[in-house]
Amino acid sequence: MEHVAASYLRQVWDKNKCLYKGQHGFRPGYSCESQVIAVCQDIADSMDNGDRIDAIVIDFSKAFDLVPHDPMLIKIAISGVDWRIVAWVREFLRAGTWRVKVGGQLSEEVRVTSGVPQGSVLRPLLFLGYVNDIWRNHESTIRLFADDCVIYIKIINNEDIEKLQEDLDRLGEWAAENAMKINPSKCKAVRFTRARVKNLLNYTTGDQIIPEASSCKYLGIIFRRDLSWADHVNYTVKKAWKALHFIMRILKNGNCGTKSLAYTTLVRLILEYWACVLGSVQGRTNIRIGQGAKESG
């Protein structure tokens, strides 16, 4: 029944085209790679024109666990979903209960009123329906992969800096209204430019300043402020070598077929994940290989 409901939600949302185009999570035809390429393309286009982009990587704390059921059901209902499916989802969510065990004693069961159920095929879709309105009333670009969020804007003058700050304030208001929590200490602000800029970034969320960084990690890809891939290449090579050494140690006496399958599954995927991103900007940006990657071959 969960699969039937999930299939129906996808069909309705695809037909109504109501899902935010900047959301690439858990959608057919979209992926981590398509999202990373879109972000990288925007940054590369801006830098090729000699412009600057300020980007903020937003960290939502326990986003899937904080989704309140009743507001989520309201949002799903107004998206064009049949009320009978909404009613079924409501009863499906109400079936969950919590009990706490302390010193061998169990508490009484309490109904779960927030969070989307783990292990369910409906979990990602319900979350997408709940955060689908996050982009409204924003002038900056917001891109999402489920709860992995980045917001950025091209900076031409001080007015653009003010626009990004206003959008961050609106994002904070949206988070408060929708019971989402932004963790400012884990957010990062990055200025993408090849020019030398002395002024520090001073973006805030709530009452806290977002830490500025020379690079950020988004969906497993390390973006450096000059869009050089040296840091990510070194990180990828080290990660691949670690996986390879693990295979060599565990499968020392294994046959060739098993070793080949393990390599393809555990090592090659690490090396190939970001290849499409590199190909999308190759020849247009300043791509440099780190010294560690050169030595590793």
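## H3 against H5

In this predicted model, helix H3 (residues 69-77) packs on helix H5 (residues 122-131) at an angle of about 80°, and their axes are 8 Å apart. Angles of 65 to 115 degrees count as roughly perpendicular, so H3 is roughly perpendicular to H5.

Who does the touching? On the H3 side you'll find Pro71, Met72, Lys75 and Ile76, and H5 brings Leu126, Gly129 and Tyr130. Sorted by class, the contact of H3 with H5 comes out at 5 nonpolar, 1 polar and 1 charged residues.

## Aromatic pairs

The structure has 6 aromatic pairs. One of them is Phe64 with Phe127, a stacked pair with 4.2 Å centre to centre and 15° between the planes.

This pair ties together distant parts of the chain. Phe64 sits in the loop between strand S1 (52-58) and H3, while Phe127 belongs to helix H5, and the two are 63 residues apart.

## The loop around Asn183

Moving on to the loop between helix H6 (158-177) and strand S8 (188-192), that's where Asn183 lies. Its side chain makes a polar contact of 2.7 Å with the side chain of Ser185. Leaving out residues up to four places away in sequence, Asn183 touches Asp59 and Ser61.

The protein chain has an average pLDDT of 89, and 94% of the residues score at least 70. Where does pLDDT stay under 50? That happens over residues 283-297, a stretch for which the model has 33 contacts beyond four places in sequence.

Key:
Residues are numbered from 1 along each chain as its sequence is written. Side-chain values use heavy atoms; hydrogens and water are left out. Axes are lines fitted to C-alpha atoms, for helices over the stretch in contact, and angles run from 0 to 180 degrees between N-to-C directions. Helices (H or I, at least four residues) and strands (E, at least two) are DSSP runs, numbered from the N terminus. Angles under 35 degrees count as roughly parallel, over 145 as roughly antiparallel, 65 to 115 as roughly perpendicular and the rest as oblique. Contact means heavy atoms within 4.5 Å. Ala, Val, Leu, Ile, Met, Phe, Trp, Tyr, Cys and Pro count as nonpolar, Asp, Glu, Lys and Arg as charged, and the others, Gly among them, as polar. A polar contact is a pair of N or O atoms within 3.5 Å; within protein, one must be able to donate a hydrogen and the other to accept it, and residues adjacent in sequence count only if both atoms are side-chain atoms. pLDDT is the predictor's confidence in each residue, from 0 to 100. Rings of Phe, Tyr and Trp (its six-membered ring) pair if their centres lie within 6.5 Å; planes under 30 degrees apart count as stacked, over 60 as edge-to-face and the rest as tilted.
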